[in-house]
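Please look through the sequence and the structure shown here before reading on.

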Amino acid sequence: MEKRQFRDYTISLYHQGFLDDQFTELKKLQDECSPDFVAEVVSLFFEDCEKLISNMARALDQTGNVDYKLVGSSVHQLKGSSSSVGAKRVKGLCVTLKECCDSQNYEGCVRCLQQVDIEYKSLKGKLQDLFNLEQQIVQAGGRIPQVDI
Amino acid sequence: MAEKLPKLAKANLTALVVDDNSVNQSIHHKLLDRLGIQNDIVCNGKEAVDAHSSGRNYDLILMDMDMPIMNGIQATKRLREMGISCKIAGVTTRADEEEKKEFMDAGLNDFQEKPLTISKLISILQNLELYIVKT
């Protein structure tokens with residue numbers, strides 16, 4: 001039952017665009033020596049999100065004197081790490097935010113940053129649910145099934 | 001389930017990961033680990049230069065481009081000026097041809113776009129003649 005749920009949930013995360021192939025690549029690196037590798041890397045990613053979004057929000061708060069260079073470099077970093085973990089929607093929003101930043105579109109930046117914040121928190125919740133399903137399988141003595149997307 | 005990977009023909013390869021981002025550090029470290037390549041991590045170009053100044057050397061450097069203090073282009077130029085002749089592969093999200101050329105001209109042996117994967121890393125190793133032999 002849990003395995004079926006896990007398979008279906010995993011597939012839905014890809015089909016709904018939350019994750020892409022790079023997440024699959026991360027899973028390939030997980031092994032007996034590092035069974036929590038994916039969870040550890042995504043945890044680093046979410047720490048990045050919190051820090052960089054906070055930096056950008058602070059920069060955008062300085063209305064009339066926004067440091068767009070700082071916003072630009074922060075979103076570039078966030079785009080990089082979201083790409084590295086396969087966080088497809090977050091990455092897409094970072095691309096849009098970078099465009100707003102490059103054209104110094106203040107309203108666009110503020111709106112987009114809010115969306116990035118919502119999106120990474122949504123992904124965080126969904127991945128936590130996925131890891132919980134994995135744990136249930138392992139605790140029941142089963143093996144986590146390979147899911148072909 | 002871990003994929004079965006080809007073994008390196010040359011044993012005891014060492015590498016240096018140069019990247020300011022903790023997510024990328026973690027992934028690149030694991031990718032190299034998986035291929036049996038011992039590796040160290042530093043956070044920017046200056047730390048890479050300092051590591052070599054202190055006498056450490058590596059078979060391969062994975063060099064990010066955008067880093068604080070000293071970026072990948074500056075670090076690569078500096079390492080070559082110091083006479084460091086090991087293989088340096090640039091890894092960056094920047095795909096602009098002009099930026100790629102500037103990075104290559106700094107002294108790289110190869111270039112790959114991030115995010116790195118097992119197959120991209122194997123491609124780097126093959127391009128740099130650090131040999132992969134299938135078991």
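What follows describes an interface and one residue.

## Basis of the report

This is a predicted model, in which local features need pLDDT of at least 70 and side-chain atom pairs count only at pLDDT 80 or more, while totals for chains, interfaces and linings use all residues. Residues are numbered from 1 along each chain as its sequence is written, chains are lettered from A and ligands numbered from 1 in the order in which they are written, and side-chain values use heavy atoms, with hydrogens and water left out.

## The interface of chain B and chain A

In this model 20 residues of chain B are in contact with 22 residues of chain A, contact being heavy atoms within 4.5 Å.

Two salt bridges are found across the interface of chain B and chain A, a salt bridge being a side-chain nitrogen of Lys or Arg within 4 Å of a carboxyl oxygen of Asp or Glu. Lys30(B) and Asp31(A) meet through their side chains in a salt bridge, at 3.5 Å from N to O. Helix H1 of chain B (residues 22-34) supplies eight residues, the largest share of the side of chain B that touches chain A; helices are DSSP runs of H or I with at least four residues, numbered from the N terminus.

## His28(B)

His28(B) lies in helix H1 of chain B and is buried, with a relative accessible area of 2%, where buried means under 20% relative accessible area (1.4 Å probe, protein chains only). Leaving aside neighbours within four places in sequence, His28(B) is in contact with Val17(B), Asp19(B), Leu62(B), Val91(B), Lys114(B) and Leu116(B).

Notes: Helices (H or I, at least four residues) and strands (E, at least two) are DSSP runs, numbered from the N terminus. Buried means under 20% relative accessible area, exposed over 50%, partly exposed in between (1.4 Å probe, protein chains only).
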